[in-house]
Amino acid sequence: MNEITADKVTLQRDGETTITLEGKHGNLNLGGNGHDGDLTLYDAEGKVRLRISAGSTELGHAMYMRFLEPDGGEIARIDHHANLSLGGHGADGDIALFPSTATTREAEKAAIRLDANSANRRKTLLINWPVR
């Protein structure tokens, strides 16, 4: 039975809790009891922009997080094998790694940087050492 209290909303399917929203602690729990939990976030136009799946067989992956352009093109994904895919559909994929002492997120100042869209750096790993 679904239940709403002062600080908790509990939704059930077939008598088993599948969604819990806890106001006291700010927790949202999705899935369990034989059902996987998914979270889908939409932009103002109602288009999917972020999808996190804990067990869907969509795209053949058991677990994944996808970031989508408004047209539905996937621009980033982390899957259940810890694979990270970035770029495509109009977005170049870059990775910038910073040391714990970094105080900026400027890609040019990263200790290690992979830039997939720079024509003169294609297929090149840039390592700035020592870190500026």
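Reader: What should I know before I start?

Author: This is a predicted model: local features need pLDDT of at least 70, side-chain atom pairs count only at pLDDT 80 or more, and totals for chains, interfaces and linings use all residues. Residues are numbered from 1 along each chain as its sequence is written, and side-chain values use heavy atoms, with hydrogens and water left out.

Reader: How many helices and strands does the chain have?

Author: Start with the rule. Helices (H or I, at least four residues) and strands (E, at least two) are DSSP runs, numbered from the N terminus. Here the chain has 0 helices and 12 strands. Read along the sequence, the pattern is β-β-β-β-β-β-β-β-β-β-β-β.

Reader: Which strands form the open sheet, and in what order?

Author: Two strands pair if DSSP finds at least two bridges between them. In this model, an open sheet of 5 strands has the order E5-E6-E7-E8-E9, with antiparallel pairing. E5 and strand E9 (84–86) stand at the edges. Each has a single partner strand, so one side of each is left without a neighbour in the sheet. The twist averages 5° from one strand to the next. For that angle, axes are lines fitted to C-alpha atoms (for helices, over the stretch in contact), and angles run from 0 to 180 degrees between N-to-C directions.

Reader: How many bridges join E5 to E6?

Author: There are 5 bridges between E5 and strand E6 (residues 48–53), and the two run antiparallel.

Reader: Is Thr10 buried or exposed?

Author: Use the cut-offs. Buried means under 20% relative accessible area, exposed over 50%, and partly exposed in between (1.4 Å probe, protein chains only). Thr10 lies in strand E2 (residues 8–13). Its relative accessibility is 10%, so Thr10 counts as buried. Now look around it. Contact means heavy atoms within 4.5 Å. Leaving aside neighbours within four places in sequence, Thr10 touches Asn2, Glu3, Thr17, Ile19 and Thr20.

Reader: What do the totals for the chain say about burial and contacts?

Author: Buried residues make up 20% of the 132 residues. Among contacts between residues at least 6 apart in sequence, 2% join residues at least 24 apart. The accessible surface comes to about 9,300 Å², with 53% belonging to carbon and sulfur atoms. Such areas come from the Shrake-Rupley method with a 1.4 Å probe; for residues, only the protein chains shown count as cover.

Reader: Which residues form the nonpolar patch?

Author: Patches are made of residues with over 30% relative accessible area and no salt bridge: like charges are joined within 9 Å, nonpolar side chains (Val, Leu, Ile, Met, Phe, Trp, Tyr) within 5 Å. Here the members are Leu11, Ile19, Leu21, Leu28, Leu30, Leu39, Leu41 and Ile52, with about 590 Å² of accessible area together. Strands E3 (16–22), E4 (27–30) and E5 (38–42) each supply at least two of the residues. Leu41 sits in E5. Leu41 is partly exposed, at 40%.

Reader: How many salt bridges are there?

Author: A salt bridge is a side-chain nitrogen of Lys or Arg within 4 Å of a carboxyl oxygen of Asp or Glu. The count comes to 6. One of them links Asp14 and Arg13 (3.9 Å, N to O). Asp14 is exposed at 71%, and Arg13 is partly exposed at 48%. Arg49 also bridges Asp43, with the closest N and O atoms 3.7 Å apart. Arg49 is partly exposed at 31%, whereas Asp43 is buried at 17%.

Reader: Where do salt bridges share partners?

Author: Begin with Glu74 and Arg77, whose closest N and O atoms are 2.9 Å apart. Both residues are buried. Salt bridges that share partners join Arg66, Glu74 and Arg77 into one network.
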